[in-house]
There are 2 protein chains.
Amino acid sequence: MTDFHVYDTTLRDGAQQEGLNLSVADKLAIAAYLDELGVGFIEGGWPGANPKDTEFFARARTELHLQNATLAAFGSTRRAHAVAADDPQVRALLDAQTDVVTLVAKSHSRHVTEALHTTLDENLAMVSDTVSFLVREGRSVFLDAEHFFDGYRTDPAYALEVVRIAAEAGASVIALCDTNGGMLPPQVTDVVGDVLTCTQARLGIHCHNDTGCAVANSLAAVQAGADHVQGTINGYGERTGNADLVTVVSNLQLKLGQQVVAPERLGRALHLSHAISEVTNVVPYGRQPYVGASAFAHKAGLHASALKVDPDLYQHTDPALVGNSMRTLVSDMAGRASIELKAKELGYDLTHDPQLAARTVKRVKELEQQGWTFDAADASFELLLREEVTGEPLSYFDAESWRVIMDSTGGSEPSLSEATVKLSAAGKRTVATGEGNGPVNALDHALRQALADAYPELAAFELIDFRVRILDASHGTDATTRVLIETSDENGSWQTLGVAPNIVHASWVALVDSFTYGLLKRGVEPRK
Amino acid sequence: MTDFHVYDTTLRDGAQQEGLNLSVADKLAIAAYLDELGVGFIEGGWPGANPKDTEFFARARTELHLQNATLAAFGSTRRAHAVAADDPQVRALLDAQTDVVTLVAKSHSRHVTEALHTTLDENLAMVSDTVSFLVREGRSVFLDAEHFFDGYRTDPAYALEVVRIAAEAGASVIALCDTNGGMLPPQVTDVVGDVLTCTQARLGIHCHNDTGCAVANSLAAVQAGADHVQGTINGYGERTGNADLVTVVSNLQLKLGQQVVAPERLGRALHLSHAISEVTNVVPYGRQPYVGASAFAHKAGLHASALKVDPDLYQHTDPALVGNSMRTLVSDMAGRASIELKAKELGYDLTHDPQLAARTVKRVKELEQQGWTFDAADASFELLLREEVTGEPLSYFDAESWRVIMDSTGGSEPSLSEATVKLSAAGKRTVATGEGNGPVNALDHALRQALADAYPELAAFELIDFRVRILDASHGTDATTRVLIETSDENGSWQTLGVAPNIVHASWVALVDSFTYGLLKRGVEPRK
């Protein structure tokens, strides 16, 4: 592994994407996935500027256990004519208690005078003071030179002076930012080359995709000598997004032979990219390079016959290297190999029972056609697998019926939703009614109440996450709904899934699976 | 206008995209849009190989009235050891009666022997014979040298020999294809440069996006001397897609100063890109460069205040040049400046009424605390703004109550959901019941039915998107729900928002806003 910096800014710059709104819990979950992918640095947010980000850094100290990555707090240089040590925003950066602080600074002379409304000299002093203050406080300081490329075009001497001053003050990386995203690769090559003739500092690159060249621009900078690359997972970001770190890292590693993350981590890129999109609730882009669902899918008859001869003739790389697989588009989705692998992970060996393997693959494919994806719902997959192995579904009770009623008077808040569940368990028929803020909450309460006598163990289960994805959203309110539930007890947490046109029905399926799996894992025998 | 070729292959290579299926009528509609955009060549399909494409060329002769573009038929070189004039597939190319025929030919020696199963010499004869036959028949022949870049790496002498033979036989363009899409710009630059030292032929470039560099690779080829660029609208295509012609043309014209289509045609790029996505039924990609809905949308408060000073400081180009416009997103990262900007976009000037501005900002911030985000719901924001300006909410009816009932027997599929709405409109109290696959679908149906007499205009509204986000999902089923609805009529589409603990209540709020906004925009007065 080279001393190359892969610097992720999904949690800060990525979060600027239209429609993307991350809670602190979302950010913590994403940070853990980023660490798993092997990025070197995770920019967590802007403490002080945003209470949510301040909370993120506070909770990260106890809740986030990073194995590879270093956390970075992002902020700006001190205010004009202030003292860095007294600037509340700079203090908030220290309070975040991260090893790395990334400072954004103006490097475009017109931005200094027209947007920041200060003098060119004062801006240089702001850079110098803030960097040296933070370095004295024991931080590694990275400088994001905002609008660097546009600035270099307008006033190269000033842009270079910002780089020089920052390096002199002790910044360990100077990232050149194409903030407006208007560059093309040859310009990036030229400017990075020029800057490297003037400085010994380590240079980084930060690109946006406004010309569709964020990935190529990032690579151009690296090939010109930058050894710190910034980007976001799945290219999230404002406007057209940032450089997609999944694609950049894959290209560096698989095309340019530069090992920047461990190969086994890159092999989980597809899984991690999709897991993060579950958290952001941004639908994965099928045509995303390397990890898109279509990235290795072949349709043309022209290719399909030749594919059998030698897939390498028609694939630019081995999809397994990023956790993807080749698909020919008649047979759908998951292949047998990945299902066998998944089963093995769960302790079921399907390789010795080809019929069982074939049956399971067939069932998974049928369900995938209807919108099920087991990627993020191991518990539901294990219940399905167990059913194929034992020949019957695991069932702790016999459901007779359920009903949910919601009403509202006028446009004001509705009254509590009411759910009634009828079922038999432990030899007894029970009718129970629950109330809740919404229909699923009411159903959850009713089901727990109906099962309380037969399975007091349920009291330990807590629903900690509930996600809804509308599939085929273009059908409006008539679309299919996928519900993902995460449940926890004192031993850990598990994910279950339900798919149906009716969101409450999909939730019911996921709820029942969640209780079933939880009871199974506690070793509870069905009492029917 | 230079003699540069913009060659579109949306109808042939683009149609290979997963999930894309074009009828002949679709293809004719798309061809007309492509012509309007000003592309020089439209590759219509592969006559003979595909009956749909044969029909397309037949109907195009009478139904398609191209003003700028020349139609091209696509096919392959003759079969091995056959006579070009007698090859049915080559005859079908003539029968298509296009001025241009584009022939795909192998240029990678391993593909010749292992996929085509013929000799290297015979492949050269196939190229030479087929090109010269079609030229004798009066066609302009373009040659697509398939897998050229991979072939050049394996066996450069053979790849170059294919180019030489084709040029000698009279091909007027030789397009070098990165068929597997694995190239990076520096390789493209080098190979195109090499080839140009060996031939006088006009070179073209055909890229796929597997490394995320299709656009950059296309530009690299042009800057190295190619003057024919192939691509597809919106980057449609197999796997990760082809080079997006919208982005390539915009870059050539706006970044490299090469005028390849008339500026007024480029000014319609957004409209044409979206019109074509209506035909293909592929949801437009919000982050698409230049023409994406988010391409010029600004969220960060950091930027919004400076945007007022000079938009060019924060925009890489003028969005009007591609028919797009700048948007400000109202979000928790934005302050008063961005709300004033947004209001101005919508035609409300808040700068002269500081109290109104302050009141609106306060209300937006309060709602954001509860989980509302207006950045993807302009219509809801405009209704809120209008209410602050006029002092009262716009209301087309008085809701009295609504109720939704869902039930299910056992674990099987539930019965239809049932919703009842009671309201008064046009001086009349109405009670209406609707059924649906799910609760929101049922409520939508009931509300439409209740309002049908008072507002027949509602029939034009179609719900085209429905998205649900669980906020603070860690509260499980007790979390807050945000529902985003997109509605369209013949004039366009609009987004509305609802937030509530109960998903059905949140949907009700978004539905009512969607109907209210739609009626407002049609100039319908409330009939109460």
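Tutor: In chain A, 3 strands make an open sheet in the order 14-15-16, and the pairing is antiparallel. This is a predicted model, where local features need pLDDT of at least 70, side-chain atom pairs count only at pLDDT 80 or more, and totals for chains, interfaces and linings use all residues. Residues are numbered from 1 along each chain as its sequence is written, chains are lettered from A and ligands numbered from 1 in the order in which they are written, and side-chain values use heavy atoms, with hydrogens and water left out.

Student: What makes strand 14 and strand 16 of chain A edge strands?

Tutor: Strand 14 (462–471) and strand 16 (492–500) of chain A each pair on one side only. Pairing takes at least two DSSP bridges between two strands. Strands here are DSSP runs of E, at least two residues, and helices are runs of H or I, at least four residues, both numbered from the N terminus.

Student: How do you know that strand 14 and strand 15 of chain A pair?

Tutor: 9 bridges join strand 14 of chain A to strand 15 (residues 480–489) of chain A, against a requirement of at least two, so they count as paired. One example is A:Leu463, whose bridge partner in strand 15 of chain A is A:Thr487.

Student: Which strands of that sheet does helix 12 of chain A touch?

Tutor: Helix 12 (residues 269–280) of chain A packs on the sheet and touches strand 14 and strand 15 of chain A. Contact means heavy atoms within 4.5 Å. The direction of helix 12 makes about 95 degrees with that of strand 14 of chain A.

Student: Over to chain B. Why are helix 5 and helix 7 of chain B called roughly parallel?

Tutor: The axes of helix 5 (residues 120–136) and helix 7 (residues 156–168) of chain B come within 9 Å and cross at roughly 25 degrees. Axes are lines fitted to C-alpha atoms, for helices over the stretch in contact, and angles run from 0 to 180 degrees between N-to-C directions. Angles under 35 degrees count as roughly parallel, over 145 as roughly antiparallel, 65 to 115 as roughly perpendicular and the rest as oblique. Helix 5 and helix 7 of chain B are therefore roughly parallel.

Student: Which residues meet there?

Tutor: Among them, B:Leu124, B:Val127 and B:Val131 from helix 5 of chain B, and B:Val162 and B:Ile165 from helix 7 of chain B.

Student: Why is A:His81 called exposed?

Tutor: Its relative accessibility is 66%, and so A:His81 counts as exposed. The cut-offs are under 20% relative accessible area for buried, over 50% for exposed and partly exposed in between, with a 1.4 Å probe and protein chains only. A:His81 also has a positive phi of about 60 degrees, though it's not a glycine.

Student: And what makes A:Gln97 exposed?

Tutor: A:Gln97 has 51% relative accessibility, so it counts as exposed. A:Gln97 has a positive phi too, about 55 degrees, without being a glycine.

Student: Is B:Thr430 buried or exposed?

Tutor: B:Thr430 is at 19% relative accessibility, so it counts as buried. B:Thr430 sits in strand 13 (residues 428–436) of chain B.

Student: What makes strand 2 of chain B largely enclosed?

Tutor: 5 of the 5 residues of strand 2 (residues 41–45) of chain B are buried, so the rest of the structure largely encloses it.

Student: How many strands form the closed barrel of chain B?

Tutor: 8 strands, running 1-2-3-4-5-6-7-8 with parallel pairing. Strand 1 of chain B pairs with strand 8 (residues 228–231) of chain B over 4 bridges.
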